[in-house]
Amino acid sequence: MPERGRRRFLSAVPGALLALDLPLAHGATVVAVRVWPARDYTRVTLELDEPLRTSHFTVTDPPRLVVDIEGVDTDAALRDIVAKVQSNDPYIASVRVGQNRPKVTRLVFDLKAPVAPQVFTLPPIAAYRHRLVLDLHPVEPPDPLAQLIEQTRGTPAEAAGLLPPRTASPAAEARGAPAPATRAPADDPIAGLIRERDPSSARRAPRAPEIARMITVAIDPGHGGEDPGAIGRFGTMEKDVVLAVAFRLRERINAEPNMRAFMTRDSDFFVPLATRVSKARAVQADLFVSLHADAFVLPHARGSSVFVLSDTTATSVGARWLASRENRADLIGGVNLPKRSREVASVLLDLSTTAQIKESKRLGSAVLGELRSLGDVHKAAVEQAAFAVLRAPDIPSILVETAFISNPDEERKLRNPRYQVQLADAVFTGIRRHFRRHPPGPRGQTA
């Protein structure tokens, strides 16, 4: 078409055919690159504006993972992955990025040890666009029982590097008070969320018979890694708050004779719902406590809540909405569903027994009673809903909503280290009171 005729044609229908002047095809754009190192596994996530095709293979000597990504050019955003791999990553030594052939970018991960990689894609959900996920699992998965022993030793938060060494102030030394912790480093991912417990905040419970045998409590900090959970108006992430409270709760439990705590995650990484349950079962937990600080559509919703499983109907519309939201964690955090083992997947399908739910209600009532002493509770009684994470058939299980992070006032409290300590104290006191009133039977049985 002559240029004059082309201009006349485009001016007649400018909105319809201006796209003819644009390229017919373009490569995908890398939106973000994230690396989540953890002892359980390291996750690498590439977020892009278009779905991609990938292929991968491993090399054994030396161990490497090679991933080819079609439809994307090597650019600065993709090369950013090199800087995001830290020297203390348990599984990745380094990563190289290069153009293997036109429109095909190759990532080469130099590994510290052989891995069992899972490479999969996820469709857009929540705030995320298309994601390519690389999960680098160790060939021999970490043993939860070994992790339990390690978590029980010493001062847990200090051993994990989340509490600095204690230093006493002259005034504290003069009055013989325990030394407070120094301020956490600025680059601590949960800086300011964990502090040494203030002895004045501990309430003195009446003396009661000691617990007869060792009790294992599985503490499950909700969300983590790719799944931040709810986010408050001031940017507080649920995953950070509940991890801080979980460390404090673990300290209280491990300091109690005949009680020990196991955390399903002790750093910022994603754990699928079924894996949380299977970890608790692997350590033969006597109790499963899942900690959350969720949001609601109305900003004035407030107060703590305790939930147990219902395999029929929820006790309220809000409970059903909340369970549905929490059960989406696998979709947001990202689970390679087609490759999950039948054994792990079946955990979510097990029907919990009537005895488990009955024991969970008694325990939940004890914890809710302690939370009531801190302030508002959202509901006066323990609620029930179909939370997937509560489906261990042989472990009494409760889900504690510490507060509504969507409420600005409660978000401020959740950010306060003293209030986090009080939350941990309340949950611990409820657990201890329950087991002293209802001593556990032989391991593996519910009362």
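Select isoleucine 69 and show what surrounds it. Setting aside residues up to four places away in sequence, isoleucine 69 touches Leu46, Leu52, Arg53, Thr54, Lys103, Val104, Thr105, Leu107 and Leu132. Isoleucine 69 sits in strand E4. Its relative accessibility is 1%, so isoleucine 69 counts as buried. Now draw a distance to lysine 103. The two C-alpha atoms are 8.2 Å apart in space, while the residues are 34 apart in sequence. Keep in mind throughout that this is a predicted model.

**Zoom out: the whole chain**

Colour by secondary structure. The protein chain has 14 helices and 14 strands. Of its 447 residues, 49% are buried. Take the contacts between residues at least 6 apart in sequence: 75% of them join residues at least 24 apart.

**Stop 1: the four-strand sheet**

Return to E4 and select its sheet. Four strands form an open sheet in the order E3-E4-E6-E5, and the pairing is antiparallel. Which strands stand at the edges? They are E3 (53-60) and E5 (92-101); each has a single partner strand, so one side of each has no neighbour in the sheet. On average, neighbouring strands here are turned by 15° against each other, direction ignored.

Next, select residues 63-70 and 104-111. These are E4 and E6, antiparallel and joined by seven bridges. Within this pair, find leucine 65: it stands opposite phenylalanine 109 in E6.

**Stop 2: the six-strand sheet**

Move to the other sheet. It is open, with six strands in the order E10-E9-E11-E14-E12-E13 and mixed pairing. E10 and E13 (383-385) are the edge strands, each pairing on one side only. Neighbouring strands of this sheet are turned by 30° against each other on average, direction ignored.

E12 (residues 305-309) and E13 run parallel and are joined by three bridges. Pick phenylalanine 307; glutamate 383 in E13 stands opposite.

H8 packs on it, touching E9 (215-221), E10 and E11 (287-292), and its direction makes about 165° with that of E9. H14 (residues 417-437) also packs on the sheet. H14 touches E9, E10, E11 and E14 (397-401), with its direction at about 160° to that of E11.

E9 and E10 pair in the parallel sense over five bridges. Isoleucine 215 stands opposite methionine 259 in E10. Is E10 enclosed or open to the outside? Four of its five residues are buried, so E10 is largely enclosed by the rest of the structure.

**Stop 3: the cores**

Show side chains for Val217, Ile219, Val289, Leu291, Val367, Val400 and Ile431. These have the most contacts inside the largest nonpolar core, which has 40 residues. Which elements give two or more residues to this core? They are E9, H7 (238-254), E10, E11, E12, H12 (354-372), E14 and H14.

Centre on leucine 291. Beyond its neighbours within four places in sequence, leucine 291 is in contact with Ile219, Asp220, Pro221, Gly222, Val242, Val245, Ala246, Leu249 and Val400.

A second, separate core has 27 residues, including Val30, Val95, Leu111 and Val119.

**Stop 4: helix H13**

Select residues 408-415. In this helix, H13, the buried residues are Pro408, Glu410, Glu411 and Leu414. Look down the axis: the buried residues of H13 fall within an arc of 160°, so they line one face of the helix. Then show what lies over them. The cover on these buried residues includes H7 and H14.

**Last stop: an aromatic pair**

The model holds two aromatic pairs. Select tyrosine 41 and phenylalanine 269. Their ring centres are 6.2 Å apart and the planes stand at 90°, so this pair is edge-to-face. Trace the chain on either side. Tyrosine 41 lies in the loop between E1 (30-36) and E2 (42-48), and phenylalanine 269 in the loop between E10 (259-263) and H8 (273-282), so the pair ties together parts that are 228 residues apart in sequence. Are these two residues buried or exposed? Both tyrosine 41 and phenylalanine 269 are buried.

Notes. Residues numbered from 1 in each chain as written. Predicted model: local features only at pLDDT ≥ 70, side-chain atom pairs only at ≥ 80, totals over all residues. Heavy atoms only, no water. Phe/Tyr/Trp six-rings, centres within 6.5 Å; stacked < 30°, edge-to-face > 60°. Buried < 20%, exposed > 50% of the residue type's maximum accessible area, 1.4 Å probe, protein only. Pairing = 2+ DSSP bridges. Axes fitted to C-alpha atoms, helices over the stretch in contact; angles between N-to-C directions. Contact = heavy atoms within 4.5 Å. Core = buried A, V, L, I, M, F, W, Y, C linked by side-chain atoms within 4.5 Å. Arc of directions from axis to C-beta.
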